[in-house]
There are 2 protein chains.
Amino acid sequence: MTESLVVGVDAGATSTRVSVHALDGRRVGYARAAAGNPTAHGLAKAVAAIGAALKEALDSLDGSRVAASLAGVAGHTAAMVPELAALWAAHGIPQPPVYVRDVTIAYAAGSAEPDGSLLLSGTGAVATRVAGFEVARIADGLGWLLGDQGSGFWIGREAAKAVVASLDRGRLPARDDILTDLVLTHVLGQERPETPRAIADRVVRVAQTDHMGLAALAALVSKAAAAGDPVAEGIVGRAAGHLVDTLRRVHVSGPVVLAGSVLTNDGPVRDAVTELLAGERVATARDGAGAAAWLAARPLLTEPEAASRHAAFTTAP
Amino acid sequence: MTESLVVGVDAGATSTRVSVHALDGRRVGYARAAAGNPTAHGLAKAVAAIGAALKEALDSLDGSRVAASLAGVAGHTAAMVPELAALWAAHGIPQPPVYVRDVTIAYAAGSAEPDGSLLLSGTGAVATRVAGFEVARIADGLGWLLGDQGSGFWIGREAAKAVVASLDRGRLPARDDILTDLVLTHVLGQERPETPRAIADRVVRVAQTDHMGLAALAALVSKAAAAGDPVAEGIVGRAAGHLVDTLRRVHVSGPVVLAGSVLTNDGPVRDAVTELLAGERVATARDGAGAAAWLAARPLLTEPEAASRHAAFTTAP
């Protein structure tokens, strides 16, 4: 008898990942495709991305062996359900995927315990209390314009604001001004208009043309803070403070899973948040597609089996 | 001999106005058209708006009588110069318009003194030091994303942030919560999703779809603050503080001209700024197109004539 398989889908803001596992946790297929947020990128593009990743992850595996599938899709819409059902059927998979919120998958990527909390800071920022692998409460996640405090976008915007405010006060960028130097090089390349004010105006124009591009400055803030830049250190401290405040509004007990690039990558924000959470059990999210596959497999396993195989499912490929 | 005329153009973010005056200041023609910012709306639309307003303002007046013209165009580009020269020539006006920065016109709309400062808060916010009716220094005006602190957009965004943050903390909007009630009615009409969180998510979606629409909330903040709402009062106080800080970075002497809807309309922000500027000579900008015409007329008048006729030119039509 051939072994049963499970399929996990993690379709987020920057990429779509599909992972195929045996029930013991062994990964037998994995693929990435473009971002597949149906709200942001349109239904057709999202379905195409998930379809491409599913095809590549299954490869020569027989779809009829898939006993369960689970998908977390950022910006999920009801219109997606029949589209993915058709995709799954085309691969001979007996059942369409079950849907869970993307934050549930991010939590499960860091913990096998059903109750705990997630603190996520990527492009956006949100905290959720999780009970029985369901979202029980949510804080922030209010978007780049009005919320997402401590997110990559928030950090990047704070950096850009600090740089243009300094230029607007007539300060020419100095070589030892690490953050300004990193931000100006990222935004303008080697181009430097003549006066501080003209440089500021140019940064403002570039930022307003693609405001979400500011999120890319978050990595430069980490770099500058690690090198001792006081403005960057201040931004990091405020970001960590906001994130922990957001978490405290939902957290009651259990592990705290850190997720999102700002909190999973080693660096000053992660360090500051971890320090503020001294006394909590802090875990770090690993592979989301593997976690989705693990959540799909859970009903087919005993509790001890599920717990002991969590690491095998979620270890990054 | 027929009397000489002057033409003033004030093309801003929300409308284009053209005013025609005799040299004694009497207004003999005036017209409004749609916004004509060539950077934001495209050159063709901007030129068409100015052309329509010029035609209507001149009406049956003979273009050859126009001795001088002056234009301030928000988002002015060099490509505009030949287009407006052709428009002016088509009306038989001997000389094309002279261009000045829109902030210079806003200043001249409030003062006949060549040296002083402008503090403007409309959709954006900026302060300029003016010397000889030229911009000598500028502070802020760094756009909605990274600056414009204390502007209508800034005030509206602070209001929306306060409302969604309160909802995110699980507080259902109460009837006596004046600001929340005004903001939710403006943004959602009578629609009210069931939970505070669902209301917050809906506000976030609407705001992100048209972020500049947040500027319209500034008037609601004024209304709520006037009615004693403490959150609105806090936003007003911070807006006024930011605006006066921005002004202090450029102001040295002479009158302070308040311009832009946030500062020219009676209300708590104007009151708070005026109070913080106790001891300064504070004036209020009047009609910008009339001020542009006055600046056009200045070289044709003696200094005492220009000073005594300023009110006639700039009194709102």
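Let me start with a pair of residues in chain B: Arg17(B) and Asp10(B) are both buried, where buried stands for a relative accessible area under 20%, exposed for over 50% and partly exposed for anything in between, using a 1.4 Å probe and protein chains only. Arg17(B) and Asp10(B) form a salt bridge, with their closest N and O atoms 3.4 Å apart, and by salt bridge I mean a side-chain nitrogen of Lys or Arg within 4 Å of a carboxyl oxygen of Asp or Glu.

Before going on, please keep in mind that this is a predicted model, in which local features need pLDDT of at least 70 and side-chain atom pairs count only at pLDDT 80 or more, while totals for chains, interfaces and linings use all residues. Residues are numbered from 1 along each chain as its sequence is written, chains are lettered from A and ligands numbered from 1 in the order in which they are written, and side-chain values use heavy atoms, with hydrogens and water left out.

Side chains of opposite charge can pair when their charged atoms come close. Over all chains, the structure holds 28 salt bridges, and one of them joins the side chains of Glu158(A) and Arg238(A), at 3.0 Å from N to O. This pair links distant parts of the chain, since Glu158(A) sits in helix 6 (residues 152-168) of chain A and Arg238(A) in helix 10 of chain A, 80 residues apart; helices here are DSSP runs of H or I with at least four residues, strands are runs of E with at least two, and both are numbered from the N terminus. Glu158(A) counts as buried because its relative accessibility is 11%, whereas Arg238(A), at 42%, is partly exposed.

Now, what does the contact between the two chains look like? On the side of chain B, 25 residues are in contact with 25 residues of chain A, contact meaning heavy atoms within 4.5 Å. Between them the chains bury about 2,300 Å², 62% of it on carbon and sulfur atoms, where buried area is the accessible area (1.4 Å probe) that two parts lose on being put together, summed over both. In chain B, the residues that lose the most area to chain A are Leu142(B), Leu145(B) and Leu146(B), which together make up 32% of what that side buries.

Eight residue pairs, both members at pLDDT 80 or more, are in polar contact between chain B and chain A; a polar contact is a pair of N or O atoms within 3.5 Å, where within protein one must be able to donate a hydrogen and the other to accept it, and residues adjacent in sequence count only if both atoms are side-chain atoms. The elements of chain B that give two or more residues to this side are strand 8 (134-140), helix 5 (143-146), helix 6 (152-168) and helix 8 (196-209).

The two chains are also joined by two salt bridges, including the one in which the side chains of Arg249(B) and Asp168(A) meet at 2.4 Å, N to O. In chain A, Asp201(A) forms a salt bridge with Arg197(A), with the closest N and O atoms 3.2 Å apart, and both residues lie in helix 8 (residues 196-209) of chain A, four residues apart, about one turn of the helix. Asp201(A) is partly exposed, because its relative accessibility is 26%, while Arg197(A), at 15%, is buried. Through shared partners, salt bridges join Asp168(A), Arg197(A), Asp201(A) and Arg249(B) into one network.

Let me turn to helix 9 (residues 218-226) of chain B, whose buried residues are Ala218(B), Leu220(B), Val221(B), Ala224(B) and Ala225(B). They lie on the same side of the helix because they cover an arc of only 155° around the axis, the arc being that of the directions from the helix axis to the C-beta atoms. On the other side of helix 9, Ala219(B), Lys223(B) and Ala226(B) are exposed. The buried residues pack against helix 6, helix 7 (178-188), helix 10 (230-248) and helix 12 (268-276) of chain B.

I close with backbone angles. Most residues other than glycine have a negative phi, and most peptide bonds are trans. Phe133(A), although not a glycine, has a positive phi of about 55°; its place is in the loop between strand 7 (125-131) and strand 8 (134-140) of chain A, and at 7% relative accessible area Phe133(A) is buried. In chain B, Asp140(B) also has a positive phi, near 55°, and this residue lies in strand 8 of chain B, where its 4% relative accessibility counts as buried.
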